[in-house]
Protein chains: 2
Amino acid sequence: MFDEATTVRPGERPDEWLVDVRHELTIVNGHPNGGYLLALLGRAGLAALDEPGRHVVSATVAYLAAPTVGPAVVETTVQRHGRTASQVRTVLMQDGRPTVEAQLIVAGLADAEPDWGAVGPPEMPDEAECLATGGRRPEVAEDPGFPPPPITKVVQVAYDPATRGWMEGRPSGVGEIRAWIRFVDGRHWDPLSLLLAVDATPPATFDIAFTGWVPTLSLTAYIRAAPAPGPLQLRFRVGQIVDGRVDETLDLWDSRGRLVAQSTQLAAIRLP
Amino acid sequence: MFDEATTVRPGERPDEWLVDVRHELTIVNGHPNGGYLLALLGRAGLAALDEPGRHVVSATVAYLAAPTVGPAVVETTVQRHGRTASQVRTVLMQDGRPTVEAQLIVAGLADAEPDWGAVGPPEMPDEAECLATGGRRPEVAEDPGFPPPPITKVVQVAYDPATRGWMEGRPSGVGEIRAWIRFVDGRHWDPLSLLLAVDATPPATFDIAFTGWVPTLSLTAYIRAAPAPGPLQLRFRVGQIVDGRVDETLDLWDSRGRLVAQSTQLAAIRLP
């Protein structure tokens with residue numbers, strides 16, 4: 001499903017790519033998931049650079065207008081074909097206007113052990129236990145008046161029970177969400193789909209206050225290693241909330257316990 | 001000096017700004033400091049948006065080619081005039097080609113206490129003690145064959161003695177640099193100049209291995225609050241080194257101990 005939903009086809013001009021923003025990867029009210037759009041832009045950027053064997057290793061995304069589902073065009077601007085790293089700018093155009101823009105760095109990506117600073121995954125129950133104890137997203141699925149977001153049929157997020165109290169109106173106040181995340185259809189994670197995984201969960205601020213939507217202003221992701229098969233471990237933490245904005249950081253580890261992706265974002269928040 | 005070095009004048013077209021990349025803010029070999037260039041682009045972006053009272057609150061910069069000193073043009077693309085936040089893309093053009101690009105988010109910035117997650121500055125000696133114990137940058141100034149980088153005459157960095165062993169060939173291995181930072185001419189910090197401060201020091205990786213240059217691939221800065229007068233406290237930390245790349249995070253606190261800016265960067269590194 002992920003591969004189908006991120007397919008890019010050459011457009012009329014060499015810097016134009018035809019895509020279809022799919023309903024299956026929306027959250028509430030038909031809004032496409034941000035991580036999905038980032039992966040879509042990543043795939044278009046890779047197509048534009050055409051450097052086989054390289055991957056997106058850094059991506060910064062800005063939201064310019066509300067993205068929607070349906071056929072769309074990604075415009076790419078190759079900025080540099082570099083010996084060790086290349087750069088490309090990608091813009092999702094919908095109804096003739098830019099909605100999402102991502103600045104990408106593309107380079108080789110080894111399946112390597114860290115040379116320094118290996119950080120292991122957080123302590124948390126096994127995936128099966130997280131699922132068995134009601135950690136499956138979303139609890140709201142049990143309310144027939146509030147159907148589960150479409151993306152939950154594509155990406156399974158199994159929450160650490162200790163960090164899911166916010167689903168039942170009891171945020172822990174710690175500002176941290178931990179979970180196991182995998183594709184429902186069994187697809188393995190790879191460098192491209194990590195761009196989805198860095199922004200596929202509700203905001204970590206829900207563990208402080210279950211507010212309205214917390215729109216991302218800017219998100220930056222670094223892909224650090226090619227992930228091994230199996231689910232990813234995810235830790236999403238709130239930094240500081242001040243002046244109506246919050247910074248949040250997310251880390252992902254693969255099934256070998258290797259840190260494979262990191263993201264930082266600045267989002268707007270309205271506390272009650 | 002900072003204000004003079006970041007002056008932007010209207011160019012021929014409305015989206016063109018004339019700047020002068022100054023030698024006074026270079027590091028070694030005439031390379032302009034990255035934080036300086038970010039502040040310069042920030043000022044051009046603010047001029048293009050022309051929304052008085054707003055500041056750059058998020059900036060992501062990508063280096064496309066080696067920037068140089070001298071007269072140059074900044075091209076700006078206003079992407080959104082928003083009710084709560086605006087967006088502008090800025091590109092430093094030198095000899096007709098883009099060298100540095102920054103994606104900026106511009107918004108109001110209060111002098112506010114955090115609502116959640118206030119993180120205080122690290123424990124470290126007073127600024128006077130850092131200066132008195134040889135914490136002044138750079139020690140290399142004492143070597144007549146290696147003159148101090150020009151930027152050290154503009155920005156004074158007083159290192160915590162515990163984190164400056166790398167200057168004498170004894171990196172601590174912790175991967176953390178702490179310092180006090182201020183303008184030599186007494187200018188106060190403000191939201192714009194924080195963009196300089198987030199990238200005005202040598203790489204934190206020097207505290208692990210004193211390698212050759214550690215070029216930034218992508219740097220993202222968030223400006224969180226307007227700083228109070230007085231020096232800033234700086235903490236620069238290494239995350240993980242893997243596959244020839246490293247992530248580093250930097251935090252800045254003002255003289256009231258308030259977190260005013262944060263940055264994350266991905267850089268290329270070649271370990272010995």
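1. Basis. Residues are numbered from 1 along each chain as its sequence is written, and chains are lettered from A and ligands numbered from 1 in the order in which they are written. In this predicted model local features need pLDDT of at least 70, side-chain atom pairs count only at pLDDT 80 or more, and totals for chains, interfaces and linings use all residues, while side-chain values use heavy atoms, with hydrogens and water left out.

2. Sheet of chain A. An open sheet of twelve strands has the order 1-2-4-5-6-3-9-12-11-10-8-7, with antiparallel pairing. Strand 1 (9-10) and strand 7 (155-159) of chain A are at the edges with a single partner strand each, so one side of each lacks a neighbour in the sheet. Strands (E, at least two residues) and helices (H or I, at least four) are DSSP runs numbered from the N terminus; two strands pair if DSSP finds at least two bridges between them.

3. Details in chain A. Strand 2 (residues 16-21) and strand 4 (residues 70-80) of chain A run antiparallel and are joined by six bridges. A:Asp20 has A:Pro71 in strand 4 as its bridge partner. Helix 3 (residues 127-135) of chain A packs on the sheet, where it touches strand 7 and strand 8 (176-183), and its direction makes about 85° with that of strand 7. Contact means heavy atoms within 4.5 Å; axes are lines fitted to C-alpha atoms, for helices over the stretch in contact, and angles run from 0 to 180 degrees between N-to-C directions.

4. Sheet of chain B. Twelve strands of chain B form an open antiparallel sheet in the order 1-2-4-5-6-3-9-12-11-10-8-7. Nine bridges pair strand 11 with strand 12 of chain B in the antiparallel sense, and B:Asp251 stands opposite B:Gln262 in strand 12.

5. Interface area. The contact involves 51 residues from chain B and 51 residues from chain A. About 4400 Å² is buried between the chains, 48% of it on carbon and sulfur atoms; buried area is the accessible area (1.4 Å probe) lost on putting two parts together, summed over both. B:Trp116, B:Arg224 and B:Gln240 supply 18% of the area that chain B buries against chain A, more than any other three residues.

6. Salt bridges. Chain B and chain A share four salt bridges (side-chain nitrogen of Lys or Arg within 4 Å of a carboxyl oxygen of Asp or Glu). One of them joins B:Arg89 to A:Glu101, with the closest N and O atoms 2.8 Å apart.
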